[in-house]
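Subject: Structure handover

Hello,

Please find the structure below. My notes on what was found in it follow.

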Amino acid sequence: MLLLRLLQKLVKTLNSDGTPGQVALGIAMGSALGLTPLVNLHNLLILGAVFLLNVSFPAAMLGWIAFAPIGFLFDPWFDAIGNALLADATGLVPLWTMLYNVPVIPLSNYNNTVVLGSLVGWVVLFAPIFFVARLGVAWYRTHVLPRLLNTRIFRFIRASKLYNFYQLFQTD
Amino acid sequence: MHVFRWKAIIPLGLLLVLMGAGWYLLLDSAVRRGIEVVGTALVGAKVDLEEADVRLAEGAVILRGLLVTNPDAPMTNLFQLDEVVADLNLRPLLQKKIFIDTIAVRGLRFGTPRATSGAIPNPDPEGGALRRQIDEWSRRVPVPDFSLDGLSGTVNVAAIRPENLQTPALARGIQSAADSARDAWMAQLQALNPTPLIDSARALAERLQGASLRSLGLGFVRSVRSLRTTVSGLTTLRSGIDQLVQDVSGGVETLQRRVSDLPNARAADLASARNLLQIPSLDAPDISPALFTDLALERIQPVLYWARMAERYVPPGLDPRRRPGPSRARRAGSDVEFPTERGYAGLTIAFAEIDLRLEGEGASAGAYRVHIEDFSSEPSVHGRPIRISVSRTEAGSGPDAVHLEAVLDHVTSAIRDSVNLRITGFPLPAVTLPGIGAHMDLGAGVNQLSLVRIGDTVAGQWLWSSSQVSWDRASMGSGRVNDLLWRTLSALRDVQVEVGVSGDLTGPTLSVRSNVASEISRSLRRELATEVAAAERRVRAEVERLVAQPIADARSRVAEVEATVQGLAADYRRQLDQVRADLEARLRDLGRD
């Protein structure tokens, strides 16, 4: 039921809820949950930010789901990036040493090559994901949605009992 | 449009509370699992923990039912603990570091059986590599043979075959090297052959004999130029021959060095022939290693292994260090640690006291107390060396004592470790003496080990001393020599075996001494000196017969090659010098005109 409601919210978000910017920001923030190993302190902060900031929550969930496989796929590169930053960049050792001995920061697992590499990867990809998602949502709403609404299948769905069932879960 | 969604604060708060509660509920099993995973990785065999009870409010962790598998015997526990109570300092936990103020252990038992195997698929490859290195070292340690069979019968010198001796082969090698060198040098001399130039120079000198400016007329300048060119050619040729003579001297010197090494090879052949015919050395320093090196290696190998493993578990210095990341669905990666003098170490145990009791009627039964101070996974961070002491507080039977003091100083990169162990009244090793066959049981006595590691060098001594030695003839043969040995050994009640180890930690030198060897030596010398000397004389004579001629041949061949080449070169040089002097005299005569 929760999944169905999330799906419903997602469709609604893409179609009408929120500005394309809010949806895109949600996707970009949610992508952190997919790109980086999930059980880490920075993801708790990002989840808190998704809750508190006026961004689309379903879009963040979409970002998480969409980017989780990409995270697995990119792990070798993330590992290499983390390795380069933590082990090879001797100039950064004083910074890492300082952070390693500051309370709470070590709990973030920043000193793990995959965690740091994927976090840096997400930061770098954040702006491209945001802009591409914003353009995509705007383009979808102006070009795809009107055509979709006029398709026979969509009209059939809207007239069917399935759509009535869907409407039952509408919150507003 | 508002940036913040204020109404989300309460759901977020609820979510955080829910997560906190979940974390708190799962903390015990997470700690239990963490100890099992880290322990298994460290030991190289399964570590099981029945229960972990984390009491953050009290700053305490209680572990119950800890089983640590013996990696060398997976159906046995190295040790098991009924209960461990640790008082935690909570502040370092915020830095993901564990600082235990005090730790108390109850119900420690060793060697208990396991219900299931504790072996893991790929146990500790680094530890395995270290074991292989130490095994390799022990295989390289020479273990001399000790056998008295050669004294029981006739000495069969025919068994000494020239093809089994190294001296004749070396001598032949020198001869063929000398022949090759001579051929090469002669070829070079032939290439430099000065005869044509000498002949033309002589002809020129004769032609200009008594010539003057007036008699030569217009040919004067040409004659002077021709003289100078020829003198220059002679000088160049002389330099070439000088260089060759120098090369020959160097080559001959190398050959002579090889010749002078032949007596060493002869000595080695003599020792090998003595071994072949089983004529024993009667010197105690030769007998001790033959009798006790195997035992010494068996006991010293684990000591060397743990001396090196201590460095791995407790590494010195403050360099960033890498460990495998946590196991998860995503790639584990590596955790890079950045220790600093101003922080906490990953794991610190400020003080640990372990009271343990070994049950039973054996010599080791009784109560023990173990103190550990300043244990730290990064001693350079903690700044103090690890101190461990073990003492026996109550013996099961008899006046036995155990005393161990160990200091692991890994605070700086120059490691300084020391171990002093003294155990009295415990059973000592029993060993069948190689080459003799008698079984020696040292019984209860003093077992004393002192070992110091400074940097990469190690120095130590292990002493077993007993005055309750018992002997058994076991597989010892009969006959005059064996009976003599048996009388000597069975009269021995006080025995000391002393093993010394010194040098580089990766390949130290081992020395073994024992009064058993001294007694055997004394007894054999007293009774068998004449037989041994006679047998030795025969062996020496036979070896000498087989190697003397090849040595003489090699020596004379080198001398002959030197004489041949140097003689020809000297002849060439003499002729060149003579003709050049003549030409220079002609030049001077012409110059006066």
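This is a predicted model: local features need pLDDT of at least 70, side-chain atom pairs count only at pLDDT 80 or more; totals for chains, interfaces and linings use all residues.

Residues are numbered from 1 along each chain as its sequence is written, and chains are lettered from A and ligands numbered from 1 in the order in which they are written.

Arg308(B) belongs to helix 8 (residues 284-313) of chain B; helices (H or I, at least four residues) and strands (E, at least two) are DSSP runs numbered from the N terminus. Setting aside neighbours within four places in sequence, Arg308(B) is in contact with Leu130(B) and Leu505(B) (contact means C-beta atoms, placed from the backbone, within 7 Å). Asp456(B) is 148 residues from Arg308(B) in sequence, yet their C-alpha atoms are 9.5 Å apart.

Chain B as a whole has eleven helices and 18 strands. Of its 593 residues, 27% are buried. Among contacts in chain B between residues at least 6 apart in sequence, 69% join residues at least 24 apart.

Helix 4 (residues 166-191) and helix 7 (residues 220-276) of chain B have axes that come within 9 Å and cross at roughly 175° (axes are lines fitted to C-alpha atoms, for helices over the stretch in contact, and angles run from 0 to 180 degrees between N-to-C directions). Helix 4 of chain B is therefore roughly antiparallel to helix 7 of chain B, a label given to angles over 145 degrees. The residues of this contact divide into 15 nonpolar, four polar and three charged (Ala, Val, Leu, Ile, Met, Phe, Trp, Tyr, Cys and Pro count as nonpolar, Asp, Glu, Lys and Arg as charged, and the others, Gly among them, as polar).

Strand 4 (residues 98-110) of chain B runs antiparallel to strand 3 (residues 73-89) of chain B, joined by ten bridges. Strand 4 of chain B also pairs with strand 7 (residues 347-358) of chain B, in the parallel sense, over seven bridges (pairing requires at least two DSSP bridges). Ile103(B) stands opposite Ala352(B) in strand 7 of chain B.

Finally, 26 residues of chain B are in contact with 26 residues of chain A. Strand 6 of chain B gives the most to that side of chain B, with four residues.

Regards

How values were computed
Two residues are in contact if their C-beta atoms, placed from the backbone, lie within 7 Å. A residue is buried if 20 or more other C-beta atoms lie within 10 Å of its own, exposed if 12 or fewer, and partly exposed in between; C-beta atoms are placed from the backbone. Angles under 35 degrees count as roughly parallel, over 145 as roughly antiparallel, 65 to 115 as roughly perpendicular and the rest as oblique.
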